[in-house]
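Here are my notes on the model you sent over, point by point.

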There are 2 protein chains.
Amino acid sequence: MIRVAVNGYGTIGKRVADAVTLQSDMELVGVAKTSPNHEATTARRKGYPLYGAIEERMPAFEAAGIELAGHVEELVAAADIVVDCCPSGIGAENAPMYEAAGTPALYQGGEAADMVDISFNARGNYADAEGAAHVRVVSCNTTGLSRLLAPIEEAYGVAKARVTLVRRGGDPGQTDRGPINDILPDPVSLPSHHGPDVNTIFPALDIDTLGMKVPATLMHTHSVNVTLEEPPASIKAVRTLLGAESRLFLIPGNLDIDGAGALGEYAADIGRPRGDLWENCLWDRSLSLEGADLYLFQAIHQQSDVVPENIDAIRATLGTTDRAASMEATDESLGVGLP
Amino acid sequence: MIRVAVNGYGTIGKRVADAVTLQSDMELVGVAKTSPNHEATTARRKGYPLYGAIEERMPAFEAAGIELAGHVEELVAAADIVVDCCPSGIGAENAPMYEAAGTPALYQGGEAADMVDISFNARGNYADAEGAAHVRVVSCNTTGLSRLLAPIEEAYGVAKARVTLVRRGGDPGQTDRGPINDILPDPVSLPSHHGPDVNTIFPALDIDTLGMKVPATLMHTHSVNVTLEEPPASIKAVRTLLGAESRLFLIPGNLDIDGAGALGEYAADIGRPRGDLWENCLWDRSLSLEGADLYLFQAIHQQSDVVPENIDAIRATLGTTDRAASMEATDESLGVGLP
């Protein structure tokens, strides 16, 4: 059993912790938090051993009647691997602690690519993570692009990818975010960080990305163009290729799903925890081939699509399983793969 | 003096009527409306002769104390040209009336391209409109794309244009529109109508367009990619080329304008009527050249960018002035051309 610690129990951390408990080859040693907020209470309700991430704030947990199992350093020492799900930049501050304990660490996509040994996407470069001490699971958008581009590159070759990312302004709980009633080029200068970030997974891929921010909280949506080196005779081949990927959901036209709201309803209706969508959600009807140019729209659930990747990254880093077996185990345990 | 009638006095019609009164070679004969709403009262306040567009509804104007000069057919008969600014589809219903009166007519971009003799954009195909009986001034987005692509095609050749249009869900007054908190591929199938619509102005241009709708009301925003046939050595040349076009506003970086809200503030602050932005608003800092691929972001004010085009279309259709003289007269009279 792989003993897993989760440091940071917010949007990503709580999902990764739940996913760890569903793996037959993993054990959740505990989770660490800085403050006794509502997520701390749900961690305890689930029976997860809870550790204080900041020494001085630990009395606040006791005052709130929330039991702590100890300090995060004890948690890290007791684990075979730690998944750092702290806010962007905090992972880098935590790195020396993991280093001192000799515990390999996974970080999230908000950390800088150059602070880790390797950036990770299961479909893209699983095997390269083995034995690394510091591994970064790339961000939700980069994960979504990597999953999509990997099979396309293998089957047809990518001459050039051009992607406009229409990004949600903030998550539903981020009440300090915007914009309200506007469409912002963000960043206004090219490229957005997504293109270079995809290159941490596929160094040779030619990709230009443009980012915008809009008043929506549910999902990101990508307008994707890929100029193919060797385009197939028809779009049907692309549909078959992408449809075979477990983490790409080709939204059938008959479902009448027009956007992220309907996708979320669908996910909740079929019993997905928190209404999560771990898969890229591609509109099947958007798949188009104009000469060598492939086009499509895909929606990315920023809160959950990296969760299966974090689980795979645990096995990849410790070298316990190969890619196919890990992805299958993860998908099977979570229920990844929509009809 | 060109005697101009405006049929339909809503978002576009009221702006076109105001613009007509500013032209030294035009006279506003009157405007026609279906109902005595707030816009009818402002037409009268400005002293515009007001005509009833629907016979049966004309008593409602009298009941509301709003004086009518007659029925729209009288208005059309008294004019050298009529600008139809009615809602999409109504223009086609009005065409026989204009035909019967022998009055040439301009229509807006919501009408079908195949119901007119020619689709029009001043920068694109001014000279082709002369003598036409039915002329369609293309929509706000197609106008924005035509203005941008015309100089690029002339200077470098367009191998392929690929545009993602992130569209405002509705105008500020359209309280029945959406979406709320979502990002919708719209249409989900490619292409959006904008590409084929650009081809009504530039038949040979290779362009693919994708449309999305978001919860914003102020402006559309385009993510533009143009693969150039003969790219210049640096982006500076493109900046100079586009900067010389009076209807392209290259937003300087130092203005700290991040989106449509700030653009509207700027327009209002400098005294633009209704805060209108007749120019394409291109972010100068977004202009990028990656090999042969040109990229940029531009915002399009859906309520006003076609206004100068309607004025030019009047002169072009009647053959009174050439393109350069008309565009200069229109720009000078309205104040088109931001620093």
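1. Let's begin with the second largest cavity, whose lining residues split into 2 nonpolar, 1 polar and 4 charged. The residues in question are B:Arg123, B:Arg147, B:Glu245, B:Ser246, B:Arg247, B:Leu248 and B:Met327. The space inside comes to about 40 Å³. Do keep in mind throughout that this is a predicted model.

2. How many cavities of 30 Å³ or more are there? The count is 3. The largest cavity holds about 130 Å³ of space. It is lined by 16 residues, and those closest to its centre are A:Arg162, A:Thr164, A:Asn225, B:Arg162 and B:Thr164.

3. Which elements give two or more residues to the lining of that largest cavity? In chain A they are strand E9 (158-168) and strand E12 (220-228), and in chain B they are again strand E9 (158-168) and strand E12 (220-228). By class, the lining of the largest cavity has 8 nonpolar, 6 polar and 2 charged residues.

4. Now for the contact between the chains. Chain A puts in 41 residues and chain B puts in 41 residues. About 3500 Å² is buried between chain A and chain B, with carbon and sulfur atoms giving 60% of that area.

5. On the polar side of this contact, I'd look at the pairs. Between chain A and chain B there are 18 residue pairs in polar contact, counting pairs with both residues at pLDDT 80 or more. What does chain A use to touch chain B? At least two residues each come from E9, strand E10 (184-185), strand E11 (207-214), E12, helix H10 (260-269), strand E15 (288-290) and strand E16 (293-300) of chain A. E9(A) gives the largest share, with 6 residues. Sorted by class, this side of chain A has 18 nonpolar, 13 polar and 10 charged residues.

6. The count of salt bridges between chain A and chain B is 4. A salt bridge joins B:Arg162 to A:Asp293, where the closest N and O atoms are 3.1 Å apart.

7. Over all chains, the whole structure has 50 salt bridges. One of the pairs to look at is A:Asp18 with A:Lys46, with the closest N and O atoms 3.2 Å apart.

8. A few backbone details deserve a look. Most residues other than glycine have a negative phi, and most peptide bonds are trans. In chain A, though, the peptide bond between A:Asp186 and A:Pro187 is cis, with omega about 0°. A:Pro187 belongs to the loop between E10 and helix H8 (194-198) of chain A.

9. Chain B has a cis bond to check too: B:Asp186 to B:Pro187, with omega near 0°. Where does B:Pro187 lie? Look in the loop between strand E10 (184-185) and helix H8 (194-198) of chain B.

10. Last one: is phi of B:Asn181 positive or negative? It is positive, near 50°, and this residue is not a glycine. B:Asn181 is in the loop between E9 and E10 of chain B.

Conventions:
Residues are numbered from 1 along each chain as its sequence is written. Chains are lettered from A and ligands numbered from 1 in the order in which they are written. This is a predicted model: local features need pLDDT of at least 70, side-chain atom pairs count only at pLDDT 80 or more; totals for chains, interfaces and linings use all residues. Side-chain values use heavy atoms; hydrogens and water are left out. On a 1 Å grid over the protein atoms alone, a cavity is a set of points where a 1.4 Å probe fits but cannot get out, and a pocket is an open set with protein on both sides within 12 Å along at least five of seven lines; lining residues have an atom within 4 Å of a point. Grid points are joined across faces, edges and corners, and a volume is the space filled by probe spheres set on the points. Helices (H or I, at least four residues) and strands (E, at least two) are DSSP runs, numbered from the N terminus. Ala, Val, Leu, Ile, Met, Phe, Trp, Tyr, Cys and Pro count as nonpolar, Asp, Glu, Lys and Arg as charged, and the others, Gly among them, as polar. Contact means heavy atoms within 4.5 Å. Buried area is the accessible area (1.4 Å probe) that two parts lose on being put together, summed over both. A salt bridge is a side-chain nitrogen of Lys or Arg within 4 Å of a carboxyl oxygen of Asp or Glu. A polar contact is a pair of N or O atoms within 3.5 Å; within protein, one must be able to donate a hydrogen and the other to accept it, and residues adjacent in sequence count only if both atoms are side-chain atoms.
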